[in-house]
Amino acid sequence: MRDGDVAADTYTYPILLQSCSQRLAEVEGRLIHGQVIKVGFDSDVYVGNTLINMYAVCGCLGDARKVFDESCALDSVSWNSMLAGYVSADNVDEAKWLYERMPERNLISWNSMISGYLRCGEVEKARSLFDSMPQRDTVSWSVLISGYAQRDRFADALALFQDMQLEGIQPDETVLVSVISACTHLSALDQGAWIHAYIRKKQMKVNVILGTTLIDMYMKFGSVPNAMEVFRAMEEKGVSTWNALILGLAMNGFVKESLATFSEMKECNIVPNEITFLAVLGACRHMGLVEEGRRHFDAMSRKHGIEPTIKHYGCMVDLLGRAGKLTEAEELIANMPVPPDVSTWGALLGACKKHGDNVMGERVGRKLVDLQPEHDGFHVLLSNIYASKGSWDNVHEIRGMMRQHGVIKTPGCSMIEVKGTIHEFLAGDKTHPQSEDIEKMLDDMAKKLKMEGYAPDTREVLLDIDEEDKETTLFRHSEKIAIAFGLLTIDAPTPIRIMKNLRICNDCHMAAKLISRAYDREIVVRDRHRFHHFKQGSCSCLDYW
DNA sequence: ATAGGGTTAG
């Protein structure tokens with residue numbers, strides 16, 4: 001072989017191998033590996049490194065390691081590629097072993113190792129490595145912030161983002177995605193809007209992931225117009241972007257618009273995926289569109305080649321059950337090709353509760369508390385079913401079971417953000433510094449509601465107490481306290497936004513409608529599953545939820 | 001050539 005060929009090929013092979021890495025073309029990569037050995041280029045560091053990387057990204061760690069071990073010329077890139085391979089394969093032990101033997105470590109090695117610790121849940125180790133690094137770059141911060149966010153430690157993620165800014169590090173698109181996600185989960189409206197403003201000020205490119213995250217954030221804040229604006233301004237949109245829009249519109253009560261968006265998406269030749277169908281079925285569920293839901297469910301496999309998963313079946317059970325077709329829902333469970341799980345039965349139990357089918361409810365509820373004795377919601381639902389028909393003995397029995405299994409009912413909690421500060425209220429809460437004013441406002445609310453024709457719905461009170469006490473208990477539900485606080489502290493026309501960890505109860509829903517009219521205020525409640533926009537005495541969910 | 005990101009039923 002002539003010198004000219006050699007020079008050309010040591011450059012060509014790495015390019016070919018990189019292309020294999022990008023396309024995860026393992027077979028092609030192996031063929032190139034064969035050629036590389038044949039022409040004797042396997043001793044080249046550059047070629048060797050692209051080989052290690054190719055095998056690593058294709059998940060063939062053994063092959064990557066073989067090239068690594070047999071190579072006589074290793075540099076920091078070889079070590080880092082091997083390390084990254086183990087990290088992405090979640091093999092932290094090998095990663096650690098390698099990390100400890102590296103001749104020299106640089107930022108990339110540290111960042112990879114932090115990522116490795118985070119992937120296996122060793123958050124504190126990741127943090128101490130981060131703290132001990134002689135220098136950090138945007139990626140170091142980004143890895144740790146996203147690690148916190150992915151482990152539901154959103155407050156820690158935001159705190160770290162503050163530190164990052166204090167050190168004068170400029171955030172980039174990637175780190176902002178994690179920060180926005182943290183804001184979404186914490187319902188940190190002000191901070192989320194600040195970040196969007198920052199993106200605009202710096203004229204950052206809103207790529208598919210960043211845009212999708214922003215849309216999701218605004219939708220979960222109940223700000224549909226802001227979400228739409230982000231969507232319209234995006235140059236490049238992905239399936240996930242459309243999914244976020246379809247989900248968000250439905251969640252905010254815009255079911256027609258949500259389904260129209262699905263049609264529009266298909267017209268734009270975007271191929272829907274399984275999440276799209278969860279969103280579409282969810283939209284139908286929000287309005288009880290049984291026939292339309294059935295159509296989409298059938299079209300999934302028939303027209304789009306997507307086999308429904310247990311989640312899609314769960315959606316269908318819920319759609320049917322919520323619409324009162326309990327028998328059909330139960331039949332669907334019996335005939336599902338995938339075994340039903342706790343959530344599938346849970347959807348049916350919820351439907352029994354809603355439609356007062358205590359016979360089926362008791363049967364399904366008993367099954368569920370058996371299947372998952374540590375779950376609080378099922379005990380509460382079953383207990384509710386007994387309470388609604390006055391079977392206090394059974395209520396006490398379920399209470400006993402809960403005690404026995406150490407099940408604690410998640411306390412209902414409502415949050416409200418006022419001037420950037422988040423206030424939390426539990427039922428009957430009197431711990432707030434402005435508690436006295438809140439009590440006065442609650443009394444005022446009670447008077448006004450009575451004039452609006454409010455009759456307390458005491459069926460849902462779980463306790464065996466007299467009617468008057470039930471009314472008092474109801475009127476101290478956390479969402480009512482939060483609304484009272486909102487009326488006191490937030491000036492019209494700013495809507496009163498409340499986040500609740502559980503679902504809003506019937507009585508609070510009724511009360512919120514009447515309050516929106518009596519006080520001429522817009523009230524937005526985001527509960528566990530969706531939004532309720534209360535305005536002039538009615539709710540965006542049209543009382544179907 | 002090697003490190004970091006989002007959406008998912010009840």
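How many helices and strands does chain A have? I found 28 helices and six strands in chain A; helices (H or I, at least four residues) and strands (E, at least two) are DSSP runs, numbered from the N terminus.

A note to myself on the source: this is a predicted model, where local features need pLDDT of at least 70, side-chain atom pairs count only at pLDDT 80 or more, and totals for chains, interfaces and linings use all residues. Residues are numbered from 1 along each chain as its sequence is written, while chains are lettered from A and ligands numbered from 1 in the order in which they are written.

**Overall view.** I looked up the extent of chain A, and its C-alpha trace spans about 95 × 55 × 50 Å along the principal axes. Of its 545 residues, 42% count as buried (20 or more other C-beta atoms within 10 Å of the residue's own, with C-beta atoms placed from the backbone; exposed means 12 or fewer, partly exposed in between). Chain A is divided into domain 1 (309-409) and domain 2 (413-539), with bounds from an automatic or database domain assignment. I noted 27 Å between the C-alpha centres of domain 1 and domain 2.

**DNA strand B.** Which residues come nearest to DNA strand B? Of the 61 around it, they are Asn80, Ser142, Ser240, Gly314 and Ser343 (a residue is near if its C-beta atom, placed from the backbone, lies within 6 Å of the strand). Helix α9 (residues 138-150) gives the largest share of this surface, seven residues.

**Helix α23.** I checked the length of helix α23 (residues 376-388): its 13 residues should span 18 Å at 1.5 Å a residue, and the end C-alpha atoms are 18 Å apart, which agrees. The expected span is 1.5 Å times one less than the number of residues. Among the buried residues of α23 I listed Phe378, Leu382 and Tyr386. What covers the buried residues of α23 includes α21 (342-355), α22 (358-371) and α24 (392-404). After α23 comes Gly390, with a positive phi near 75°.

**Phe485.** Is Phe485 buried or exposed? Phe485, in helix α27 (residues 478-489), is buried because 25 other C-beta atoms lie within 10 Å. Leaving aside neighbours within four places in sequence, Phe485 is in contact with Ile416, His423 and Ile438 (contact means C-beta atoms, placed from the backbone, within 7 Å). I also looked up Ile496, which is eleven residues from Phe485 in sequence and 9.3 Å away in space, C-alpha to C-alpha.

How values were computed. Two residues are in contact if their C-beta atoms, placed from the backbone, lie within 7 Å.
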